[in-house]
Amino acid sequence: MRYHRTGGPDAESWDTASDDRPDLPEAVQRDVDRVAEVVAEGFRGPLWHQMASELNGYAFGRLCAVMRRTDKLMKLTEKSMTPLALTDEDRGTLYRSAPDRDRLALLTISIALETFPQLLKTGGYDPVRNRGKDGRASLLTSYFYGRCGLVFPRVFYTWRNEHTDRFLLHAPQMGDEILAHALGQTGPEPVPEDVAALCATLTAMINDLRPRDRAVWLLTVDKLSQGEIADVLGIKIGDVENARTRLRQQVRMRRRRGELYVPPSIEAEWARRRAQDNARKKAA
């Protein structure tokens, strides 16, 4: 029988010939032995670098996958001291955006690895006492993945706040005159009343949007392309188009209900721009 728990001077240890410890699967015993070696080496040298690389490779793919299944993500993080709460927008972002999943996975693994050596030094990896799924002794990779689940909520909230701050930076409240200028209605002559009313209504609709969608429309008014907006806000081009589509749907709904009047001059301008867009798409 071979089992040895490693740790600091006060940590318990068991002789490899002890009869009161259960047998471990070969792969788990190999992990126990490797942990003992890296602790003895002070987490320096090729063995620790190899172990860290294996832990990263194992956890990265699984974290990216579980973020698309938020029910499983909630299960992974349920023992964290920081409860994970997701909005519908959070769930949509995690499901659709591979770059965001990659970023969150890398951040989570990085922080988990920072504290992992100290955890191993104090005997945190104990596959006999701390059983994994179905009561089985856990491999080191599974144990580390579980630690990532404890870290993830804290990483996620920091990441989300940074994104929200970025959106707010590009989402100040807009005035009617900005939209009128974008529609080509500014000049020496006063803006017609019907055009001014349309600008006021659309401006209020944009200002009522959540920060990300408002930022998309303000940058659209500034004549940035979808790709440019995505780069500025750090989101996908599809998210830019979705934000635009949501407001367009609101406009169409209000027009059907007779709550929004679009003057013929603006209708003509919109038709001209649609024709230009279609011509560019055909030429591309």
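A nonpolar core is a set of buried Ala, Val, Leu, Ile, Met, Phe, Trp, Tyr and Cys residues joined through side-chain atoms within 4.5 Å. The model discussed here is predicted.

Q: Which residues touch the most other members of the largest nonpolar core?
A: This core holds 43 residues. Those that touch the most other members are Leu 63, Leu 140, Phe 144 and Phe 156.

Q: Which helix gives the largest share of this core?
A: Helices H1 (26-40), H2 (46-66), H3 (70-77), H5 (98-121) and H6 (140-169) each supply at least two residues. The largest share is 11 residues, and it comes from H6.

Q: Which residues does Leu 63 touch, not counting residues up to four places away in sequence?
A: Leu 63 is one of the core members that touch the most others. With those sequence neighbours left out, its contacts are Leu 76, Ala 105, Thr 108, Ile 109, Tyr 145 and Cys 148.

Q: How many residues are in the second, separate core?
A: Its members include Leu 183, Ile 206, Trp 217 and Val 262. The count for this second core is 20 residues.

Q: Which helix gives the largest share of the lining of the largest pocket?
A: The pocket has about 1,300 Å³ of space. Helices H7 (176-182), H8 (193-207), H9 (211-221), H11 (237-256) and H12 (264-283) each give two or more residues to its lining. The largest share, 9 residues, belongs to H12.

Q: How many residues of the pocket lining are charged?
A: The lining has 28 residues, with Trp 217, Thr 220, Arg 248, Arg 273 and Asp 277 nearest the pocket's centre. Of the lining, 11 are nonpolar and 5 polar, and the charged residues number 12.

Technical notes:
Residues are numbered from 1 along each chain as its sequence is written. This is a predicted model: local features need pLDDT of at least 70, side-chain atom pairs count only at pLDDT 80 or more; totals for chains, interfaces and linings use all residues. Side-chain values use heavy atoms; hydrogens and water are left out. On a 1 Å grid over the protein atoms alone, a cavity is a set of points where a 1.4 Å probe fits but cannot get out, and a pocket is an open set with protein on both sides within 12 Å along at least five of seven lines; lining residues have an atom within 4 Å of a point. Grid points are joined across faces, edges and corners, and a volume is the space filled by probe spheres set on the points. Helices (H or I, at least four residues) and strands (E, at least two) are DSSP runs, numbered from the N terminus. Ala, Val, Leu, Ile, Met, Phe, Trp, Tyr, Cys and Pro count as nonpolar, Asp, Glu, Lys and Arg as charged, and the others, Gly among them, as polar. Buried means under 20% relative accessible area, exposed over 50%, partly exposed in between (1.4 Å probe, protein chains only). Contact means heavy atoms within 4.5 Å.
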